[in-house]
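Here are my notes for you to read alongside the model. Take the points in order and keep the viewer open as you go.

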Amino acid sequence: MIETIAASRCPRCALVVAPPAAYCPHHPVAMGPATLSGVGEVVTFTTLHTPPAGFRSPLHIAIVELEDGARFVCHGADTRGLKVGATVAIEAIDDVYYFSHLGALDRARLFWRRAGHAGDRVNAIARSLAKRVFRSPTVNKRP
Amino acid sequence: MQRVFVAGVGMTRIGRRSEPLAQLMADAALAALTDAGLETPESVVVATMNPEEFVGDGNFASHVATHMGLADVPALRIETATSSGAAALYTAFAQVAAGLRRTVLVVGGEKMTHLDTPRVSEIIGRSIDPYERTYGATMPALAGLVTRALMSRHGVGAREIAQVAVKNHAHGARNPLAHFPTPVTVEEVLESRIVADPLRLLHCCPISDGAASVVLTAERARVRIAGIGHGTDTLAVRYRRDLTAFTATRAAAREAYAMAGFGPERVDVAEVHDAFAPFELISLEDLGLLPPGKAARATLDGDTTLEGRLPINPSGGLKSRGHPLAATGLAQIVECVWQLTGRAVGRQVQGAHHALAHSIGGLATNNWVTLLESA
């Protein structure tokens, strides 16, 4: 079961942010509503062993890139074996978002849920693989 | 635009200090005024990031001015989180450049060591996006996220990052005003406690007290402020496309180089904001001092040591000299001026004519680049 995450989209630059925001951080215009599927790629993550007051140790924090480039801050139960670029699912528990590793079955289900045509599904899988292969140059790209 | 010169500089020893904040700032300011041969400036610009919470006092421009006998001189306070000192320098620069004032005293300081580490972390953390804070984000946590993203790049490993701390402690060991003038080894850094994985304790700057001060003037002096640039970025880290470069530094550098009329190739020595060791690697590339992807290798090769091709953080940087928040941006200017006037005893970079100071506010939301040249 994939969560839906409420987000906002800038009508001027198409930036998508989650959770929703009143104004685009780059333009003084009101953002419109958007919804995102709660699955994405780990951009980065960390573990705090002495977290701030009100949090239990160890505290796992990750930034996950959802569809349309929206980056999302969430917690996780564990970061063992987690790698930058891994696909994770986002779940809400009591309004707090957590990431969890996706098994092979979840991945397959995700792909089948996508487009209606077999061709699109194959394309989606190919894109995902290609993204993986070419990850380093795109992540490292500097203007 | 009126040309702006540095008439005098001064700073306190950085570390655990018993004096009240206003006294530390008065000590630095009076040292700078003495250095400038001036008793009364035409205006005062004060920088402190959060005296309301750190020491429980507000209205701090009037507080400092009154304490040090400058109650009759117009004083104002400037704040851009951890880069407040650099922002105050810019404000003073603008007053002189615009011809509004002939001499301006800038003084920045912070006092934090009387509080315990979680409380200091909480107060500094107020400069982070409120939503991200609800997920436990502190400055070290965000720096940990940046570090992990950086280390997923080819060629940036734990050793390269540790070497920044080793190098800056080696420099700080030659600075009598440094908070931690003690050398550390790569092994000690790599074995220190994990703060925000993969960031370790010895990758992080200490919590420090101290103050630093600069007197600017329209009269010709030995060092000129050649350019100042200001760059900004989103408060929320999740709004950014790239965590391994700081947009705010790049924008600030572009503006500073354009104002100065020269580029990074002229810089002989630089003070760079290494609140967390990996930030020095990121910043060296953002500032154009090293080509993209080359900072880690150059650091490992010793290019950025005092004896290297491009000495970075001769003072010891935030890592070893210490980071009394709003004092830091000005302590960097003090070091640059000492380097340009041959007064950096024990750590002098020979023949330095152009210096750069780089200050980060918050998690790179409000950054400054200042270029100085011997006049």
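1. Let's start with a term. A salt bridge here is a side-chain nitrogen of Lys or Arg within 4 Å of a carboxyl oxygen of Asp or Glu. B:Arg250 and B:Asp286 make one, with their closest N and O atoms 3.0 Å apart. Now look at where the two sit: B:Arg250 is in helix 10 of chain B and B:Asp286 in helix 11 of chain B, 36 residues apart, so this pair links distant parts of the chain. Both B:Arg250 and B:Asp286 are buried. Please keep in mind throughout that this is a predicted model.

2. Staying with salt bridges, the rule counts 26 of them over all chains. Have a look at B:Lys111 and B:Asp209, whose side chains meet at 3.8 Å, N to O. B:Lys111 lies in the loop between strand 4 (103-110) and helix 5 (117-125) of chain B, while B:Asp209 lies in the loop between strand 6 (199-200) and strand 7 (210-217) of chain B, so the pair ties together parts that are 98 residues apart in sequence. Are these two buried or exposed? Both B:Lys111 and B:Asp209 are buried.

3. B:Glu307 is in the loop between helix 12 (295-300) and helix 13 (317-320) of chain B, and B:Arg174 is in the loop between helix 8 (158-172) and helix 9 (186-191) of chain B, so the bridge ties together parts that are 133 residues apart in sequence. B:Glu307 has a relative accessible area of 61%, so it is exposed. B:Arg174, at 36%, counts as partly exposed.

4. Salt bridges can also share partners. In this model, B:Glu53, B:Arg119, B:Glu122 and B:Arg126 are joined that way into one network.

5. On to the rings. There are five aromatic pairs over all chains. One of them is B:Tyr90 with B:Trp368: the ring centres are 5.0 Å apart and the planes are at 45°, so the pair is tilted. Here too, distant parts of the chain are linked, with B:Tyr90 in helix 4 (residues 84-97) of chain B and B:Trp368 in strand 11 (residues 366-374) of chain B, 278 residues apart. B:Tyr90 is partly exposed at 34% relative accessibility, whereas B:Trp368 is buried at 2%.

6. How do the rings of B:Phe246 and B:Phe279 meet, and at what angle? Their planes are at 80° and their centres 5.2 Å apart, so this pair is edge-to-face. B:Phe246 lies in the loop between strand 8 (223-232) and helix 10 (247-260) of chain B, and B:Phe279 in helix 11 (residues 277-286) of chain B, so the pair ties together parts that are 33 residues apart in sequence. B:Phe246 is buried, at 2% relative accessibility, and B:Phe279 is buried at 2% as well. Ring pairs link B:Phe246, B:Phe276 and B:Phe279 into a cluster.

7. Now zoom out to the interface. Chain A brings 34 residues into contact with 35 residues of chain B. The two chains bury about 2,800 Å² between them, with 57% of it on carbon and sulfur atoms. How many salt bridges are there between chain A and chain B? The count is one, and it pairs the side chains of A:Glu65 and B:Arg241 at 3.4 Å, N to O. There are also 13 residue pairs in polar contact across this interface.

8. Which parts of chain A supply that side? Strand 4 (39-48), strand 5 (59-65), strand 6 (71-76) and strand 8 (96-101) of chain A each give at least two residues. The largest share, six residues, comes from strand 4. Sorted by type, the residues on this side of chain A are 20 nonpolar, nine polar and five charged.

9. Finally, zoom in on A:Thr46, which lies in strand 4 of chain A. A:Thr46 is buried, with a relative accessible area of 0%. Its side chain reaches the backbone oxygen of B:Asp197 at 2.6 Å. Leaving aside neighbours within four places in sequence, A:Thr46 has contacts in both chains, including A:Leu59, A:Ile61, B:Ala141, B:Leu145 and B:Arg148.

Conventions
Residues are numbered from 1 along each chain as its sequence is written. Chains are lettered from A and ligands numbered from 1 in the order in which they are written. This is a predicted model: local features need pLDDT of at least 70, side-chain atom pairs count only at pLDDT 80 or more; totals for chains, interfaces and linings use all residues. Side-chain values use heavy atoms; hydrogens and water are left out. Contact means heavy atoms within 4.5 Å. Buried area is the accessible area (1.4 Å probe) that two parts lose on being put together, summed over both. A polar contact is a pair of N or O atoms within 3.5 Å; within protein, one must be able to donate a hydrogen and the other to accept it, and residues adjacent in sequence count only if both atoms are side-chain atoms. Helices (H or I, at least four residues) and strands (E, at least two) are DSSP runs, numbered from the N terminus. Ala, Val, Leu, Ile, Met, Phe, Trp, Tyr, Cys and Pro count as nonpolar, Asp, Glu, Lys and Arg as charged, and the others, Gly among them, as polar. Rings of Phe, Tyr and Trp (its six-membered ring) pair if their centres lie within 6.5 Å; planes under 30 degrees apart count as stacked, over 60 as edge-to-face and the rest as tilted. Buried means under 20% relative accessible area, exposed over 50%, partly exposed in between (1.4 Å probe, protein chains only).
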